[in-house]
Amino acid sequence: MEDYRLYSWPKPFGPRVSARRSYQLHSVLAENRVYRWLATVLERQPRMYRVFTAVEKASKERLFGCQMCGQCELPTTGYACPMTCPKQLRNGPCGGVSPQGRCEVHPDVRCVWVLAYERAAAAGRGADLALLQRPVDHREQGRSSWINYWQGRDEDMAVPAGTSPPMRSEREVVGR
Ligand code: SF4
């Protein structure tokens with residue numbers, strides 16, 4: 001039987017930037033024609049793509065604990081990264097959260113979904129937490145979520161509950 005203690009579980013990460021400031025930063029990165037052009041150029045140049053992705057990783061890892069899933073959910077989770085949940089749940093917490101809001105796997109820290117709710121609510125974005133997130137496409141692991149976003153690949157990532165988001169596997173994964 002496999003010893004799961006050998007794995008290094010992700011750990012809930014408390015973002016280093018307030019939710020309000022994060023939403024402001026997001027508006028700087030908002031998709032436009034220039035960013036889309038840049039994304040297209042970068043995808044044609046593997047070396048530049050790797051450098052750009054390394055910069056994205058360095059900044060988002062430090063600020064948000066980013067795990068480079070390539071399909072960023074931060075704008076709908078109060079900028080608390082759900083991939084730092086040990087179970088990497090994308091649609092809310094598991095049933096193991098303690099009454100004090102602590103993580104079941106890492107009881108020394110608070111559940112990232114509790115952080116998400118508090119941060120989103122503080123920024124007036126609590127309703128985002130009711131959106132349904134599509135399943136993670138692991139083929140995107142390590143790829144740039146900014147480029148994917150600028151290329152319009154995240155448009156249907158979160159939909160109102162009751163509708164079904166398309167599976168990412170129905171799409172082309174660029175560069176693979
Ligand atoms: S790209 Fe994925 S892993 Fe990185 S911050 Fe966004 S949701 Fe988290």
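Where is Tyr79 found? The views below come from a predicted model.

**View 1. Tyr79 in its loop.** Tyr79 sits in the loop between helix 3 and helix 4. Tyr79 has 28 C-beta neighbours inside 10 Å, so it counts as buried. The cut-off for that class is 20 or more. The phi of Tyr79 is near 65°, a positive value in a residue other than glycine. Most residues other than glycine have a negative phi.

**View 2. Met68, in the loop between helix 3 and helix 4.** Met68 is not a glycine, yet its phi is positive, about 55°. Met68 counts as partly exposed because it has 17 C-beta neighbours inside 10 Å. Met68 also belongs to the residues that surround the ligand.

View 3. Helix 3 covers residues 46-64. At 1.5 Å a residue, its 19 residues should span 27 Å. The end C-alpha atoms of helix 3 are 26 Å apart, which agrees. Just after helix 3 comes Gly65, with a positive phi of about 70°.

View 4. Which residues surround the ligand? Among them are Lys60, Phe64 and Cys66. Gln67, Met68, Cys69, Cys72, Glu73 and Leu74 also surround the ligand. Cys81, Met83 and Ser145 complete the list. By class, the shell has eight nonpolar, two polar and two charged residues.

**View 5. The largest nonpolar core.** This core has 26 residues. Those with the most contacts inside it are Phe64, Ala80, Cys81, Val112, Trp113 and Ala116. The elements that give two or more residues to the core are helix 2 (33-44), helix 4 (112-122) and helix 5 (145-150). Helix 4 gives the most, with six residues.

**View 6. Contacts of Ala80.** Ala80 is one of the core residues with the most contacts inside the core. What does Ala80 contact, leaving aside its neighbours within four places in sequence? Its partners are Pro15, Val112, Leu115, Ala116 and Arg119.

**View 7. Cys111, in the loop between helix 3 and helix 4.** Is Cys111 buried or exposed? Cys111 counts as buried, because it has 26 C-beta neighbours inside 10 Å. Leaving aside neighbours within four places in sequence, Cys111 is in contact with Pro12, Pro93, Val97, Gly101, Arg102 and Cys103. Cys111 and Phe13 are 98 residues apart in sequence. In space, C-alpha to C-alpha, Cys111 and Phe13 are 8.8 Å apart.

How values were computed: Residues are numbered from 1 along each chain as its sequence is written. This is a predicted model: local features need pLDDT of at least 70, side-chain atom pairs count only at pLDDT 80 or more; totals for chains, interfaces and linings use all residues. A nonpolar core is a set of buried Ala, Val, Leu, Ile, Met, Phe, Trp, Tyr and Cys residues joined through C-beta atoms within 7 Å. A residue is buried if 20 or more other C-beta atoms lie within 10 Å of its own, exposed if 12 or fewer, and partly exposed in between; C-beta atoms are placed from the backbone. Helices (H or I, at least four residues) and strands (E, at least two) are DSSP runs, numbered from the N terminus. Two residues are in contact if their C-beta atoms, placed from the backbone, lie within 7 Å. The expected span of a helix is 1.5 Å times one less than its number of residues. A residue is near a molecule or strand if its C-beta atom, placed from the backbone, lies within 6 Å of it. Ala, Val, Leu, Ile, Met, Phe, Trp, Tyr, Cys and Pro count as nonpolar, Asp, Glu, Lys and Arg as charged, and the others, Gly among them, as polar.
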